[in-house]
Amino acid sequence: MLFNSYPFLFLVLLTFFIYYLPVFTKIQVYILIAASFVFYAYHAPYLLFLLIISILFNSIISWSISIELSKKIVVLGVVFNLLLLFFFKYSSLFFSVFLEIKTDNLLYYLINLPLPIGISFYTFEGISLVVDTFRGTKKTSHSNKSLYNHIVETTHFVSFFPHLIAGPILKAHVFYPQIKPKFFNKIDWYNVYRNLVIGFFLKMVVADNLKEFTNYIAYPYFTNLPSLTLAFLLFGYSIQIFADFAGYSLIAIGLGRLFGYDLPQNFNFPYISKSFAEFWQRWHISLSTWLKEYLYIPLGGNRYGSFRTYLNLFLVMFLGGLWHGAGWNYAVWGMVHGGALVIERLFKNDNKTKSNFIFKTIKTLIVFAVVTIAWLFFKLPNFGHSLLFLKHLFSNSNIPFILGIREVCLSIFSIPVIAYHLLFLFNFRLSSKLDGLILSVLLFLIFVNSGFQGDFIYFQF
Amino acid sequence: MIKNSILYTLCFLLAYSLFLRFTHFDRVVALNVQQSKYITVENFLYHSNPKSISSIIIGSSMSEKLNPKFLPNSVYNLSISGAMASTGIKIIELSGHKPKKIYVELNVFTRQEDSILLNSLNSPLIRKQKEFIPFLQERNQFFVTLLNALTASFSINKNRPPVSSQVLLNTQSDYLKKQNDSSNFELINQNIALLSAALKNYSKQNVQILLFRMPVEKSTLEILNNSTRLKFERSLIKKTFSNLPNISFVPEDNGFNYQTTDGIHLTNESAKHFADYLLKY
């Protein structure tokens, strides 16, 4: 179910109405679970079965760990989640490379099932639950809670519909303490409204309009376009992917608050980053902190010398790339970022120019340019096509450039994202009146200038 | 703050609705292909007068070049960029119009049906809300209105020049690849069958159906004539539509040197010439 659809609006309104009825205060969690299951099963009900298996297994494993602090059970839990992810996401690629399976084989049928939506997110949350319980960071001593209650809470933690399909990836120790009765008069309306309006604006007005133009980043369309138009398209896609994903995250945060839950911030103005390390502290924060907490630090982090640190950085980014999908293009995207982080660390020094405005601006532009070019590997599933695009980007300068509707629209629809970053960069504080007026304009544009409804880019992961 | 913000939004919407009520553009320029498709369909559904329309042209972006200013008021061009004739016939069915004559372009059969467009038209909720709330229609999108106001003010010349030889070679090279793609044959079969079923239905109701092909650049035509796809398509069309009551073919006009902007789509001058030729039938 898409956030920007009528069925979703109906589901949220109905759930909201029932949820805050005083008579249902004690069963609020069950109401949200029911709504989440309807949300998840709306297009493919059979996928709910897999989600429930994952939840039950992680509930039982984490429960067992809280009773008997056993490393073996932790390993079992982590392996189960990784196998689930591997089987549904990577087995098709794996078997196509290493094995030949007959088409009448059950395994062939299973590995060719469509990717269960949100699996990359809920398996990571499963791992977080298991590891947090073992570390003791999630308070699951269960002294006064039954296994049944633990299963209910875990189901709520994993399936809570605002974040179920595309994050933010929740950590058990952040979410569980929030599971308690919620009251209508405690709703933080300002933040609900603000997050929803900005989120829907970014998705429906910016991303959905830009996608009509960035669709030209497809073979063979780009081969006949001038270099400058290709640069416009790539820039537009960079803005689109931010607007699409940050928009989704803000809607998720707004919806979370509507039901009394604080979901973590997922984007913090990433395109003003002056380094790649900073970029990853600002982009998809819930994934990067997850990778840091559950992969980079367990691998040794920066505790075993320079070489090991570089290797760990590169490996984490490579795996982070593959997390997005079973394709070499994602691996290359991860390696580009991993390589950039390693090079940046190699040349890190405290020179005097670091406070210079021009130097900072140049660094910001370099980071933005590399990040933007790397998005090409996201956009084009075929690695060869990505390289071909880069070739044409630099060699099509002989084709005359005409400033047309496409280039003008790419610029116009990018302005809100650029302004959004610049306002933050220059610490421009809006008065509450001006803030309200801007939100009104954004809401007005949602009504009168939304693009054609499109899936959220991160739904495919 | 929230109340004020919502109130301002309502005021903006009201002001914009009033602006739309008293503003009219002769021709609306879309920002992208998808939007152009919806504008064509919505104009036909919400802004056309069925009583004054006796003939409708359906087809793809190729016949979309037959600009309304080249056609009499009784002829409506419902050709949709990015779509094909079978989409057009479904929209006529949905609208309930029953013209005397339907001109059907036969150049494009290798597209998937636009299910999103057709589903949105089939949804009573979406159709009604767009009918009664004009600012929800694609042609009334804020930036479309802004762009059209600007182009009207500066009277920008939108007449594109004939294609250059380099662009023509590139287009034709892409075209060649597509023409010989045998995976398209099943789709062609399916689309012709769908179109045939709908057209037979109209022909039974005494609607005259005229099948035509849009002309293209001569060098492109040579490529097309040698393609296995076109040979297959032509023989299937002949087999499907020959000897049916009220359905006839418009002969191809080979006596004029048609010029295009990209090897496929006619320039304004050529489009006007072909419109005159077509309407003789």
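Predicted model: local features only at pLDDT ≥ 70, side-chain atom pairs only at ≥ 80, totals over all residues.

Modeller: A residue is called buried when its relative accessible area is under 20%. In chain B, which has 281 residues, buried residues make up 50%. The accessible surface of this chain comes to about 14200 Å², and 55% of that belongs to carbon and sulfur atoms.

Colleague: How many helices and strands are there in chain B?

Modeller: Chain B has 12 helices and 5 strands. Among its contacts between residues at least 6 apart in sequence, 77% join residues at least 24 apart.

Colleague: Which residues have the most contacts inside the largest nonpolar core?

Modeller: A nonpolar core joins buried residues such as Leu and Phe through side-chain atoms within 4.5 Å. Here the largest one has 148 residues, and A:F259 and A:W375 have the most contacts inside it. Helix 11 of chain A, residues 227–258, gives this core its largest share, 17 residues. Another core, of 37 residues, lies apart from it and includes B:Y46 and B:L199.

Colleague: What area is buried between chain A and chain B?

Modeller: Buried area is what two parts lose in accessible area on being put together, summed over both. For chain A and chain B it is about 2600 Å², with carbon and sulfur atoms giving 70%. A:F444, A:V448 and A:F452 supply 23% of the area that chain A buries against chain B, more than any other three residues.

Colleague: How many salt bridges and polar contacts cross this interface?

Modeller: The rule finds 0 salt bridges between chain A and chain B, but 9 residue pairs in polar contact.

Conventions
Residues numbered from 1 in each chain as written. Chains lettered and ligands numbered in written order. Heavy atoms only, no water. Buried < 20%, exposed > 50% of the residue type's maximum accessible area, 1.4 Å probe, protein only. Helix = DSSP H or I, 4+ residues; strand = E, 2+ residues; numbered from the N terminus. Contact = heavy atoms within 4.5 Å. Areas by Shrake-Rupley, 256 points an atom, 1.4 Å probe, with all protein chains shown as cover. Buried area = accessible area lost by both parts, 1.4 Å probe. Salt bridge = Lys/Arg side-chain N within 4 Å of Asp/Glu carboxyl O. Polar contact = N/O pair within 3.5 Å; in protein donor to acceptor, adjacent residues only side chain to side chain.
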